[in-house]
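Student: Hey, I've just been handed this one. Can you walk me through it?

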Amino acid sequence: MSTSRFTPADYVYLQKALELAAGGCGFVSPNPMVGAVVVKDGEIAGTGYHRQFGGDHAEVEALREAADLARGATLYCTLEPCSHFGKTPPCVNRILDSGIAKVIIGTLDPNPLVNGRGVNILREHGLVVEIGLLEEACYELNENFFKFITSRLPFVTLKVAQSLDAKIADAQGNSKWISNAAARKLVHRWRWQNDAILIGIGTALADNPQLTVREEPGPQPRRIIVDTNLRLPLTASILTDAQVTKTIVAIGENCREREKIAAIANRGASVWPVRTTPDGSLDLRHLLERLGQENIASVLVEGGRRIFSSLLETQLADRLKCFIAPTIIGDGIPAFQGLPLDNLQDAITFTKTTAEIIGDNVLFSGRLHYRRSPQATPEK
């Protein structure tokens with residue numbers, strides 16, 4: 001989309017709106033992060049962002065602060081203003097009532113209830129509306145929301161910490177600590193920025209993790225254990241700590257551990273029976289669909305090998321964040337194994353890649369790009 005119609009000042013103001021929008025990270029899901037700025041005669045008259053789920057939207061905050069200065073002003077929004085009743089009234093109504101003359105939008109809202117409708121309503125009422133300024137940045141800010149609202153599946157990020165020779169644990173299963181302290185602190189940030197953390201039963205048994213946010217202030221995520229045969233001990237940290245009500249244990253639909261299921265439920269955790277595949281593994285797509293029904297829009301997957309590999313094989317993972325430590329382990333557990341990739345033409349690649357130095361670790365991040373069609377799961 002051409003951006004020649006935008007002035008240097010337009011970039012400055014929408015960049016300001018983007019920075020404001022990021023303030024809602026971890027607090028507004030499954031809604032998107034949105035920022036807004038009102039500008040009158042070259043001066044900022046009002047700013048706002050969506051602060052928490054169910055609260056005022058960014059446009060409403062900015063227009064409230066601008067008050068009468070909004071009349072004849074320009075409103076900058078990172079995302080198309082909503083045009084439907086949800087937790088709050090439509091933002092387009094508030095914009096029309098304010099007397100705003102022009103609206104500059106980063107990207108359209110893919111929500112079927114909104115997509116293009118908000119823009120059309122504003123234009124039908126005589127407002128000048130421009131779309132596409134800093135569009136890629138506005139999209140990337142809400143990549144979780146964009147996937148969730150169009151597929152009802154959560155955005156899945158794989159978090160891997162591995163050695164130079166691609167091992168996530170030694171031959172005995174020990175993995176503490178491959179990454180450094182700075183990397184582990186960063187993971188705590190990612191935890192509160194996601195709706196849920198997911199691990200397999202192998203990781204739960206080996207590490208007995210808490211899966212809580214401790215290194216940074218932030219909301220506690222839901223905690224999901226993939227445990228087909230319910231091997232999780234009742235003494236596990238996630239079943240005995242103060243966050244137990246945020247724990248979900250996903251079991252196979254044919255699991256018959258009724259007493260253990262009841263004991264876990266009595267502690268306040270949830271046990272979800274999930275469809276299994278013909279080989280007896282948990283159907284991860286079915287699990288993600290259930291998470292989507294619970295408005296869990298983003299999942300950070302922290303292990304282990306079988307979960308990582310299954311999510312890649314079924315093409316359900318969206319992003320990889322991989323810490324690479326300056327260590328060679330030798331015989332050990334690889335991050336990925338058994339993927340049905342026969343040649344380089346089928347190899348999984350990446351887009352939008354970055355590499356960052358975190359102390360003596362390297363953090364690689366990229367969007368996963370699958371070059372072959374996913375294998376369908378046979379119906380039972």
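Tutor: Strands here are DSSP E runs of at least two residues, helices are H or I runs of at least four, both numbered from the N terminus, and two strands pair if DSSP finds at least two bridges between them. This is a predicted model, where local features need pLDDT of at least 70 and side-chain atom pairs count only at pLDDT 80 or more, while totals for chains, interfaces and linings use all residues. Residues are numbered from 1 along each chain as its sequence is written, and side-chain values use heavy atoms, without hydrogens and water.

Student: Ok, what stands opposite alanine 196 in strand 9?

Tutor: Arginine 222 does.

Student: And what order do the strands of the open sheet have?

Tutor: The 9 strands go 11-10-9-8-12-6-13-16-15, with mixed pairing.

Student: New topic: which strands does helix 6 lie across?

Tutor: Helix 6 (residues 143-151) lies across strands 6, 12, 13 and 16, and runs at about 135° to strand 6. Angles run from 0 to 180 degrees between N-to-C directions, with axes fitted to C-alpha atoms, for helices over the stretch in contact; contact means heavy atoms within 4.5 Å.

Student: How far apart are the axes of helix 2 and helix 3?

Tutor: Their axes are 9 Å apart, and helix 2 (residues 58-66) packs against helix 3 (residues 91-98) at about 20°. That makes the two roughly parallel, a term for angles under 35 degrees.

Notes. Angles under 35 degrees count as roughly parallel, over 145 as roughly antiparallel, 65 to 115 as roughly perpendicular and the rest as oblique.
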